[in-house]
Amino acid sequence: MSLKLILVLIPILPLAAAAIAGLLRQQVGRAGAHWIAILAVAMSFFLSAWVLYQHMYGGLGTVNISIYTWMVSDGIHFEIGFLIDHLSTLMMTVVTFVSWMVHIYTIGYMAEDPGYQRFFSYIALFTFSMLMLVMSNNFLQLFFGWEAVGLVSYLLIGFWFKRESAIFAGLKAFLVNRVGDFGFLLGIAAVLYCFGSMDYAEVFSKAPDITGDTVTIIPGFEWRWITLICVCLFIGAMGKSAQAPLHVWLPDSMEGPTPISALIHAATMVTAGIFMVSRMSPLFELSDAALSFVMLIGAVTAISMGLVGIVQNDIKRVIAYSTLSQLGYMTVALGVSAYSAAIFHLMTHAFFKALLFLAAGSVIIALHHQQDMRFMGGLRKQMPVTWITAWIGTLALIGFPFMSGFYSKDTIIEAVHASSRWGAGVAYWAVLIGVLITSFYSFRLLYLTFHGQPRYTVDVGAGDHPPDGIVQHTPHESPLVVTVPLVLLAIPSVVIGYLTIDPVLFGGWLSDSLPVLSQNDTVAAVGEHFDGAVAMAKHALSTAPFWLMISGFVLATFIYRIRPAVADQLQQKLPGLHRILENKFYVDELYQKTFVARTIGIGNGLWKKADDGLIDGWLVNGSARLMNNLSARVRVWQSGYLFHYAFAMIVGLIGILAIWVMLK
Amino acid sequence: MNNSNMLLAAPEFWVLSMACVILVVDLFLREERRGIIHLLAIITLIFAAIITMRGDYASEGVRSALAFNGSFIRDQMGDMLKLFSYLVLAIVYIYSKFHLRQFRMFRADFYTLSLFALLGVMLLISANNLVTIYLGLELISLSSYALVAFDRDSRTGSEAAMKYFVLGSMASGMLLYGMSMIYGATGSLDLYAISAAVANIGSDDPMLVFGLVFLVVGLAFKLGVVPFHMWIPDVYHGAPVPTTLFISSVPKMAAFAMAIRLLQTGLGDLQGDWSQMLSVLAVLSIVLGNLAAIAQTNIKRMLAYSTISHMGFVLMGLLPGSATGYGAGMFYVIVYSLMSAAAFGMVILLSARGVEAEKLDDFKGLNQRNSWYAAVMAMVMFSMAGVPVFVGFFAKWLVIKAALDAGLVWLAIIAVVFSVVGAFYYIRVVKLMYFDEPVTESPIEVPVDFRTVISLNGAMMLGLGIFSSSLIAVCMSSFGA
């Protein structure tokens with residue numbers, strides 16, 4: 001097989017599977033749908049892995065091919081093409097692997113759902129869209145993939161479309177992302193305007209020529225074009241990667257089924273913004289202002305979302321806030337030009353966060369869709385595999401030495417420390433304190449879920465929808481289709497950082513495809529002090545992040561294992577702080593009171609007066625009435641009488657004759 | 001130039017001989033072995049395609065070739081249209097076989113008549129002389145009249161055939177009269193000679209314009225544009241679906257070629273005049289076709305009015321008289337034929353044993369009965385409505401762009417507004433399929449060849465939309481754009 005064919009097959013296979021599982025559901029049945037989807041995604045994974053292998057050992061260079069030209073308009077070529085370099089290969093492999101695991105897991109999680117085939121169709125479609133996004137070599141296809149993953153995300157958040165809260169969450173995700181996408185689209189439009197091309201290679205090569213060009217949007221206030229482009233593009237990334245203040249949709253997206261939370265809202269789609277900014281590094285490098293903006297947004301997100309995670313009681317929401325906080329870390333890394341560190345953390349995070357979500361899902365299955373941690377506890381005895389894998393995921397998340405998360409997170413912290421960009425000092429403190437917070441809420445989750453005494457009671461006669469705290473059966477370990485993906489994800493969560501940090505991150509493998517100006521290259525600065533993964537882990541014992549992490553652990557152990565009463569006392573002692581966190585800094589309320597209320601107000605006004613009265617009453621219904629009237633009248637002409645028809649022809653002939661011969 | 005190079009007409013000879021062979025073979029076939037006829041017809045088309053593609057008349061700098069003393073022409077436009085005619089006719093045969101079998105009408109007549117009509121289509125496409133044009137046109141028309149009355153016992157079928165015949169004869173008469181005027185003014189039947197003569201006479205000769213009006217009327221009847229469209233709804237409705245399927249698709253490509261030959265090749269200097277006439281006809285068709293379609297409850301009639309509006313769009317491509325406009329029109333007519341074939345194919349698909357699925361209501365709840373066929377129909381309807389990504393969007397976009405480039409902003413606005421009106425009745429079908437409860441639960445059982453072809457035909461709507469650039473490029477290069 002030629003390389004081009006392989007590259008085409010990688011996204012096409014999941015697309016074909018999505019079409020078959022969705023459109024031929026009567027023909028293939030339930031088992032058929034999951035087999036087709038799983039096999040297609042597995043094939044995609046193996047082909048991606050082969051390309052990765054060729055990149056690592058086969059001497060394959062960067063491949064930039066155009067598959068075909070979709071259309072040409074005013075000299076601008078809209079093409080479908082692939083840019084396969086180290087960055088995109090890594091993303092493809094991670095996406096297909098996590099997607100594959102989630103596909104398998106879904107068999108167990110969605111076993112009794114009536115929308116089983118629809119679900120497989122959606123996640124296969126998601127895999128296709130995500131692959132199109134990461135493999136793209138031009139802005140148009142990037143935008144296509146960007147919107148397509150968004151679409152699948154809304155479809156899946158609202159998957160249980162009969163639940164009020166799911167509909168609300170879907171709508172919220174959609175609206176918040178519209179804000180981000182508006183910026184993104186403006187950014188792409190500005191790129192097209194400045195460079196006259198949508199092709200990455202062409203745009204990046206022309207970028208240095210326009211660094212001096214400015215534009216005046218508000219009179220008397222000049223912007224550099226490049227800063228404008230980067231900020232607009234980053235606003236898109238803020239929407240998709242849920243950075244403050246556009247983060248509000250992600251916690252609510254937990255209304256979707258858990259496999260989706262793992263795949264889309266933790267491991268892959270939400271990292272699209274991080275990927276996009278890294279891909280655009282030749283543009284961002286030219287604007288220090290934009291990068292400072294990126295860094296500060298990331299720092300705010302990293303610390304504030306971690307704090308909110310501490311007071312959440314829903315197991316999935318804790319992990320969701322943890323995801324937000326980790327995305328903040330990646331964004332900070334982008335802001336200090338440590339693109340490869342951000343992508344490295346993206347990769348490790350994809351494994352351990354997917355693992356944590358799937359472990360949470362396993363707990364949720366065992367407790368019959370109970371998600372409140374106040375009604376869990378002591379599950380380690382009944383669910384040993386889930387318990388151990390959850391511990392592994394947690395250790396990786398908090399950055400325990402030798403675990404994957406340690407290498408990626410420590411590199412980010414060091415890179416921020418090494419950066420001299422405006423705002424890096426603040427960001428450094430934010431990411432340091434973030435370590436303590438991460439450690440605290442992670443152990444809180446583990447203790448509340450798996451340790452201590454059960455806080456639920458088993459009542460066989462409780463009925464199908466028992467109240468909180470009561471389950472019908474004693475919880476037991478989940479089936480193999482659930483635990484095998486957990487184990488398979490736990491392995492990379494432990495070893496991937498240790499194995500790859502030297503060759504991939506500091507060896508320059510990743511940074512080959514992420515151009516950085518040499519004076520900004522913080523990863524290289526960190527790399528100078530790097531002498532082996534083991535040495536790095538040993539060295540960590542004498543650094544601040546490690547001890548902050550340990551203090552988070554001690555604090556959580558004290559509060560939730562040794563003196564459980566302390567938690568309540570603290571809550572009473574600091575009511576203001578608790579209320580602020582509980583209400584997530586009142587951001588939702590703020591939006592609800594300002595934008596949403598205003599919009600609804602304006603909307604209502606427009607709806608009643610303009611829409612009902614003018615548009616619907618007069619324009620739409622009016623024109624519909626007009627069309628109907630006309631249509632009924634026109635219909636009468638078709639009388640069925642031959643002489644009427646002949647008459648019409650003669651009239652037509654005479655009409656044309658009259659105009660052109662008589663009048664001429 | 002070799003004026004008597006008969007080999008250029010090899011595809012025509014092949015189709016003619018095979019039509020005769022099928023006619024004879026049928027005499028010796030027993031009823032139950034009639035499948036052979038179907039097979040032979042398909043083979044005819046495949047080889048016709050091969051012969052057409054192997055024509056090696058074009059060389060460096062020479063893009064067309066003449067035969068029969070200049071009355072027959074081979075060029076890229078002709079070859080492309082012929083190839084698509086074979087393709088669409090093959091699709092028609094595969095859909096029709098199922099229907100004809102179900103309705104006990106599986107006779108060889110359908111195949112021979114439609115092959116003779118195809119011969120007419122090919123002649124018309126390759127005509128470079130007024131007599132050849134008339135010959136091709138009449139061959140199509142006479143075969144079509146018989147095809148409409150194919151179901152002898154059907155009252156509506158006979159009625160439709162009668163109407164079609166009378167009106168068609170009138171139109172032929174007008175066309176002939178126009179031709180005689182042109183001959184009178186220029187002294188030639190050859191389109192090249194006419195073109196040269198017109199350049200001499202000048203474009204404001206009253207006799208020429210008089211002749212032109214009659215030619216345009218004949219053309220308008222063949223395309224079925226307002227006000228020469230009256231036959232279309234009755235014929236589409238009255239004829240058996242396979243016949244409707246045929247006359248709504250293949251002959252339209254011939255009519256387009258006829259317009260190109262007559263108006264561009266022959267009377268190109270009168271572009272100022274015919275462009276205005278065509279714009280009036282185009283506007284009337286787009287407006288009236290879309291309006292009348294809304295009120296229909298019968299899907300065949302709805303599609304008939306939709307055809308009228310589509311032909312208005314084809315005229316919109318023709319009337320700017322620019323190469324990109326002709327290319328856009330050609331792309332439109334090809335795409336339209338494929339869409340129309342798929343839409344009528346779905347009508348055949350839903351016809352239960354002995355009962356034609358004519359009502360729009362027959363599409364209710366199709367998604368619950370079979371989600372794949374519902375998706376196919378949805379793709380066809382979205383494409384007809386001109387929703388982006390589907391190929392119908394590009395067809396509409398190109399003709400509207402051609403009109404805009406020619407400065408016809410008012411025409412473009414009307415076209416866009418009435419595309420929106422048209423979207424209503426196409427998307428209504430989608431709504432019926434996905435949001436309404438089915439009226440019948442009977443499973444849809446069709447043979448495997450039908451299933452494959454309708455799936456491919458539907459997938460073409462999306463596929464050609466995503467990969468539209470090569471077909472557009474071929475259409476454009478046919479006119480040197």
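Predicted model: local features only at pLDDT ≥ 70, side-chain atom pairs only at ≥ 80, totals over all residues.
## Chain A as a whole

Chain A contains 26 helices and six strands, and its C-alpha trace extends over about 105 × 70 × 55 Å along the principal axes.

When contacts in chain A between residues at least 6 apart in sequence are considered, 78% of them join residues at least 24 apart.

## Chain B as a whole

The secondary structure of chain B consists of 20 helices and two strands, and the C-alpha trace of this chain spans about 70 × 55 × 45 Å along its principal axes.

In chain B, 65% of the 481 residues count as buried, and the accessible surface comes to about 16200 Å², of which carbon and sulfur atoms hold 65%.

## The contact between the chains

Chain A brings 34 residues to the contact with chain B, and chain B brings 48 residues. The area buried between the two chains is about 3700 Å², and carbon and sulfur atoms give 72% of this area. On the chain A side, A:Q638, A:M649 and A:W660 together supply 19% of the area that chain A buries against chain B, which is more than any other three residues supply.

## Two packed helices in chain B

Two packed helices are described by the angle between their axes and the distance between the axes. For helix α7 (residues 191–201) and helix α11 (residues 250–266) of chain B, the axes come within 8 Å and cross at roughly 35 degrees.

The residues of α7(B) that take part are B:L191, B:Y192, B:I194, B:S195 and B:V198, and they meet B:R261, B:L262, B:T265 and B:G266 of α11(B). Sorted by class, this contact of α7(B) with α11(B) is made up of five nonpolar, three polar and one charged residues.

## A buried serine in chain A

A:S408 sits in helix α17 (residues 404–418) of chain A. The relative accessibility of A:S408 is 1%, and because buried means under 20%, this residue counts as buried.

Apart from its neighbours within four places in sequence, A:S408 is in contact with A:F344, A:H345 and A:T348. The C-alpha atom of A:S408 is separated by 49 Å from that of A:N604, a residue 196 positions away along the chain.

## Cis peptide bonds

In chain A, a cis peptide bond joins A:A244 to A:P245, with omega at about 5 degrees, and A:P245 is placed in the loop between α8 (225–240) and α9 (249–252) of that chain. In chain B, the peptide bond from B:V226 to B:P227 is cis with omega near 5 degrees, and B:P227 is placed in the loop between α8 (206–223) and α9 (231–238) of chain B.

## Positive phi angles in chain B

B:R104 is not a glycine, yet it has a positive phi of about 55 degrees; this arginine belongs to the loop between α3 (76–102) and α4 (108–125) of chain B. Its relative accessibility is 74%, and because exposed means over 50%, B:R104 counts as exposed.

B:V389, also a residue other than glycine, has a positive phi near 80 degrees, and its place is in the loop between α16 (371–385) and α17 (391–405) of chain B. With a relative accessibility of 33%, B:V389 falls between the limits of 20% and 50% and therefore counts as partly exposed.

Methods
Residues numbered from 1 in each chain as written. Chains lettered and ligands numbered in written order. Heavy atoms only, no water. Axes fitted to C-alpha atoms, helices over the stretch in contact; angles between N-to-C directions. Helix = DSSP H or I, 4+ residues; strand = E, 2+ residues; numbered from the N terminus. Contact = heavy atoms within 4.5 Å. Nonpolar A, V, L, I, M, F, W, Y, C, P; charged D, E, K, R; others polar. Buried < 20%, exposed > 50% of the residue type's maximum accessible area, 1.4 Å probe, protein only. Areas by Shrake-Rupley, 256 points an atom, 1.4 Å probe, with all protein chains shown as cover. Buried area = accessible area lost by both parts, 1.4 Å probe.
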